[in-house]
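Subject: Structure handover

Hello,

Here is the structure I said I would pass on. My notes on it follow below the entry.

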Amino acid sequence: MNTFFRSIKSVKLSYILNLAGLAAAFATLLVIMIQVRYDYGFDKFYTDSDKIFRIEFKSENDPSSPYLSRISRPLGEALIGSTPGIAAGGIVNEEGISEIWIQGEEKTTSLSQKISKISEDIVKIFEFKILSGDTSAFRNPNSAIISQSDAKILFTDRDPIGQVLEIKSYKYPVTVVAVYKDFPDNSNFSGELFVNIGDEYLTNQSEWSFTYFVKLYDSGEREKVTNEMKEYFKTTLYPQESDSISEDFMRLSNIHDIYFSKDVRYDTAKKGNINITHTLLSIAILIIIIAVINFINFAMAMVPLKIRGLNTRKILGSGIFRLRANLILESVIISLIGYGFALLIVQYFSGTTYSSLISADTALAANRANLSICAVIAILTGVMAGVYPAIYSTSFSPAVAIKGSFGLTPKGRRIRTILIAFQYIISVVLIIFALFINVQSRFMKRYDMGYNKENILNTRVTNTIARQKSAFVAKLKENPAIKDVTFADGPLLSNSKMGWGRMYKGVHVKYDCYPVDPNFISFFNITILEGRDFIEEDNLKSNGTIIFNEAAMNAYPFVVGEGMGGHTDEPADIVGVVKNFNFQPLQYAINPIALYIFGTNTWRLQTFMFVKISGEYVKEAFNHIEKSMREFDPTIKDVNITFMDESIGKLYAKEDNLAKLILISSIISVFISIIGVLGLIFFETQFRQKEIGIRKVAGAEVFEIIKMFNISYIKLTFICFAAGSPIAHIILLKWLNSFEYKAPIPVWIYVASLTIVLTITVAAISLQSFRAATANPVKSLKSE
Amino acid sequence: MIKVENLSKIFRTEEVETLALNNISFEVKKGEFIAVMGPSGCGKTTLLNVLGLLDNPTSGSYKLDNTQLANLKERERTKHRKGNIGFIFQSFNLIEELNVYENVELPLVYLKMSAADRKQLVNNVLERMNISHRAKHFPHQLSGGQQQRVAIARSVVSSPKLILADEPTGNLDSKNGKDVMNLLTELNREGSTIIMVTHSQNDAAYAHRIISLFDGEIV
């Protein structure tokens, strides 16, 4: 061990470089590992995870249509009892976030929490851990189960059981009957207040808004159960339609798969992206490979320094096995020291805003398992990096080794060059990939969605405001900064609009229904292709008014001027067709949608407001809108007005975060590779000091020496770029497959990646070789 | 051709100061063959390094063809050295990775000579040194005598004004040593000015004149 520390001292710089590379690699590995295990473990922690499924339907007579995550209650309840393979089934209806407080204590404590209505069996299916109270009391529509963390906030030391809670969006209070232990972070549940759904919508055939889960007795019976459910649907529930029903109109999706699926409509479950997870995992593996390569390079470069000592010991009688074991142990210790620094880096990272790039908690204390896995990887890295140099450096006949000076043998140099080349190729690929993810992300944000989204603010308003709509709009328009105002049922660009299924001319048609105000189409400059725009009079009719998009017209035999099933007993009028526009994030294609005017028999008020403002008076506009909202509804607490662009940007947050994470990782990989090159140059300049001296005596100038060192690496960079860019191109094409709208792959990202790698390489090498080139040749030539 | 006046060189480390050259003055005429002699550590090599512009003197004047060369910057020294001064070392100092031809070619490359010109000059000098049949060989494939002939070829390929030789026969047996000395004599006869550091009285006998150094001073 003494010699170990002495050798560290003698080549300090290269040890520091090596440790820096290892620390960066392990830190990246650990962070990515946290995210990847979060993703792979999503909703997998239930004992029976593999037996829990969501029921998904698609348009029975259109096999090409997407599956829907929601079905009607009568259908769901009927299906649960349709086959003996189902152990239990239940409904989950997410109702959004609302304010909650203890009855009579609104002023003192309240909190905002998501409310989900569920049936009793959900508690069993998802293995709720009940900490106090009794779920057998969870029968009445006004009973509720609260999370441990919320109970602590609301009740502090009091017993929550039997307490009555008020929910702002509800007309009635609920009673807490049990407290459940919070689910892990990587669960689709997020600490919501669960309220018993009771009989709501139990007989409503047309409201397809509910998510149903079933638990099977045996996970292997999924196909059998699915077939039995389909059969039941065809023979018992809809025998009259069974001929026109396509084969795969229904399926069961495992709860873990739901997390990664993206082809399901109305799906509001938490989402991961399997591409992202796989990408991250691959990057982690690549970075570790790069680090191991560096480590081997480093150890190989040390061989000439060690070889004399090793062989002297061999001559003195030390066993070869012991020598090798010692060398490997040294390597493992260095690796573990690197890991120690990595922990410090991650500890620091988890305190910065960068930690929000990943969904999981990066605090070290929350990741014991991940820490252990990475520690094992660190040890393996040490062993892997130690074995070859250990064998190599002890494989010479001692007589030869002790006499000759093992500089850079051509063979050793070649191996090291190949290893460096490998690192460079990885770096080139990662940089191109990272740059392109940015390109794609910008492409999606700037994509022509088919409507105007510039200078438009959006916000949700309360029912109180929506009820006084015309007065409120008039008030807003008092300010010249406000150009126009319109209302709709929710955000324009979203994944969760109402799904309507109707019978039309003998065809079961399915489309999104988006209730809007009459001026909606003109507000957004959406093009009308056929028929007319909505008019104010549509609002005064007792029946509904529909304008379909092209996609709906192409999918179904709708005719402008005719009527079809709407929201009342009266048929709704189809009055026009608009050009397709993107009402979902760009990962999705454009599906059929109906813009809809309720008329006088409205189901509900439209509470999502869009305001077109003048680009010059942004601040005034914000202030004026907020002031007006508070004036019309003094009970408003938070006003959250955002630019529509900004809200759209948030839809791509996951992609953006991935881009950033990959960019950071690729920078780290380039950094580690450069450390490798630096290490190599460091040793090369040492071993070639004499050559440099000779060349200088022969008339070489400093610049020419630096050029000499650069040239071989510049060549290497070009070769690696030539090898790496096609690989990157293939990866990009594959990755683009997951997008409905693909950005063209620009040439500049390739040029940029080459420039980046080249610049860093030349800078690093020039810096390092400058020292050697300016040293007085007298010294190097003297040493014989 | 060379005029050295009051030249001193002091090496300083943290603890000691070594006076390697102490106020020496001498002149060398064009076409002379000088031997510098003296015991180990007397400053012979230091003198050669200063004359060869590998190192700056601490004080004093060094003129080559009436140009003051003491205390030039590295870049300037390289400029003056290039093509004007050839070096021959005791340990040959050939570059292992380059073959004979490439080793000899090196000074011409740094003079930015065209490849065709280089080829002609290198082939001529290899011919002269009787080593052209080894052009493609690498240094470790040659005997010591052959290696030194390559080194001499390299030092004269650019027809320098001055050849500096640091114990050119030190690593050679007497036969090869004699060959090298004959070669140097021949070069001198053709007009090259040579300054040679040596331990050997025998070699020194080939020179026109001997400068003896002792403790950094000419005696």
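This is a predicted model, so a word on confidence comes first. Within chain B, the mean pLDDT of the elements is lowest for α2(B), at 85, and highest for strand β8 (residues 193–197), at 94. Chain B as a whole averages a pLDDT of 89, and 100% of its residues score at least 70. For the model, ipTM is 0.86 and pTM is 0.71.

Next, the contact between the chains. Chain A contributes 16 residues to the contact and chain B contributes 19. On the chain B side, α2 (74–81) and α3 (100–110) each supply at least two residues. The largest share of that side comes from α2(B), with four residues. Sorted by class, the side of chain B that touches chain A holds eight nonpolar, six charged and five polar residues.

Last, a helix pair inside chain A. Helix α2 (residues 12–40) and helix α9 (residues 320–349) of chain A have axes 7 Å apart and pack at an angle of about 55°. The two helices, α2(A) and α9(A), are therefore oblique to each other. The crossing of α2(A) past α9(A) is right-handed. Residues of α2(A) in this contact include A:Leu19, A:Leu22, A:Phe26 and A:Leu30, and among those they meet in α9(A) are A:Ile334, A:Phe341, A:Ile345 and A:Phe349. The residues of the contact of α2(A) with α9(A) comprise 15 nonpolar and three polar, with no charged ones.

Regards

Methods. Residues numbered from 1 in each chain as written. Chains lettered and ligands numbered in written order. Predicted model: local features only at pLDDT ≥ 70, side-chain atom pairs only at ≥ 80, totals over all residues. Contact = placed C-beta atoms within 7 Å. Nonpolar A, V, L, I, M, F, W, Y, C, P; charged D, E, K, R; others polar. pLDDT = per-residue confidence, 0-100. Axes fitted to C-alpha atoms, helices over the stretch in contact; angles between N-to-C directions. Parallel < 35°, antiparallel > 145°, perpendicular 65-115°, else oblique. Left-handed = near helix turned anticlockwise from the far one by under 90°.
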